[in-house]
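Below is a brief report on one protein model.

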Amino acid sequence: MNTGRAIVLETTVSFLYWIMLAAAVWLLLRGHNAPGGGFVAALVAVAATVAHALVRGTAAARARLPLGPLSLSALGLALVERSGQPALALGQPFLTHLWGELGAGAVALKLSTVMLFDLGVALCVWGALSGFCLRLLGSMR
């Protein structure tokens, strides 16, 4: 008797979804010192969202997106814009990235506006492409 469900696929994708999002976070954090961190991280997150949608349906995948596709993209765009503001406040050109260090005793954490920029790109791309893919998948069923 065929119930129309692929139990192994459902279980695997549910597990891989979180691994893919963890990989996206790793790429985001690694990428701010190398080109493409935010964009590549977003593509991995989109792949996780689409895989979840193929197995559980577009409504379930949309529910897993933080804030929903449009709001996620808007938040990302706002973060990208905000990453350029500190340079303007210091009289430098917009999007001139600044570096600093947050010291806590013997530990120093290096901070940069590049990380905020990459996070914004990741959120914007994840929201926009996921929204597009979910709409496309929804129209095919």
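## Helix α2 and its cover

This is a predicted model. In helix α2, the buried residues are Gly37, Gly38, Ala41, Ala42, Ala45, Val46, Ala48, Thr49, His52, Ala53 and Val55. Buried here means under 20% relative accessible area. What covers these residues? The cover includes α1 (7-31), α3 and α6. An α-helix has 3.6 residues a turn, so residues three or four places apart point the same way.

Just after α2, glycine 57 takes a positive phi of about 105 degrees.

## Helix α6 and its cap

Helix α6, one of the elements that cover α2, runs over residues 113-140. It has 28 residues. From first C-alpha to last it reaches 41 Å, close to the 40 Å expected at 1.5 Å a residue.

Which residue caps the N-terminal end of α6? Serine 112 does, with a side-chain oxygen 2.9 Å from the backbone nitrogen of valine 114.

## Two leucines with positive phi

Leucine 67 is not a glycine, yet it has a positive phi of about 75 degrees. It lies in the loop between α3 (58-64) and α4 (69-83). Is leucine 67 buried or exposed? Its relative accessible area is 58%. The cut-off for exposed is over 50%, so leucine 67 counts as exposed.

Leucine 95 also has a positive phi, of about 70 degrees, although it is not a glycine. Its place is in the loop between α5 (85-89) and β1 (99-104). Leucine 95 has 32% relative accessibility and therefore counts as partly exposed.

## The whole chain

The protein has six helices and two strands. From the N terminus on, the order is α-α-α-α-α-β-β-α. The radius of gyration is 18 Å, well over the 14 Å that the globule rule gives for 141 residues, so the protein is more spread out than a compact globule. Along its principal axes, the C-alpha trace spans about 70 × 35 × 20 Å.

How many of the 141 residues count as buried? The share is 35%. Among contacts with a separation of 6 or more, 62% come from residues 24 or more positions apart. The protein exposes about 8600 Å², and carbon and sulfur atoms supply 71% of that area.

Conventions. Residues numbered from 1 in each chain as written. Predicted model: local features only at pLDDT ≥ 70, side-chain atom pairs only at ≥ 80, totals over all residues. Heavy atoms only, no water. Helix = DSSP H or I, 4+ residues; strand = E, 2+ residues; numbered from the N terminus. Expected span 1.5 Å × (residues − 1). Polar contact = N/O pair within 3.5 Å; in protein donor to acceptor, adjacent residues only side chain to side chain. Buried < 20%, exposed > 50% of the residue type's maximum accessible area, 1.4 Å probe, protein only. Contact = heavy atoms within 4.5 Å. Rg over C-alpha atoms; globule rule 2.2 N^0.38 Å. Areas by Shrake-Rupley, 256 points an atom, 1.4 Å probe, with all protein chains shown as cover.
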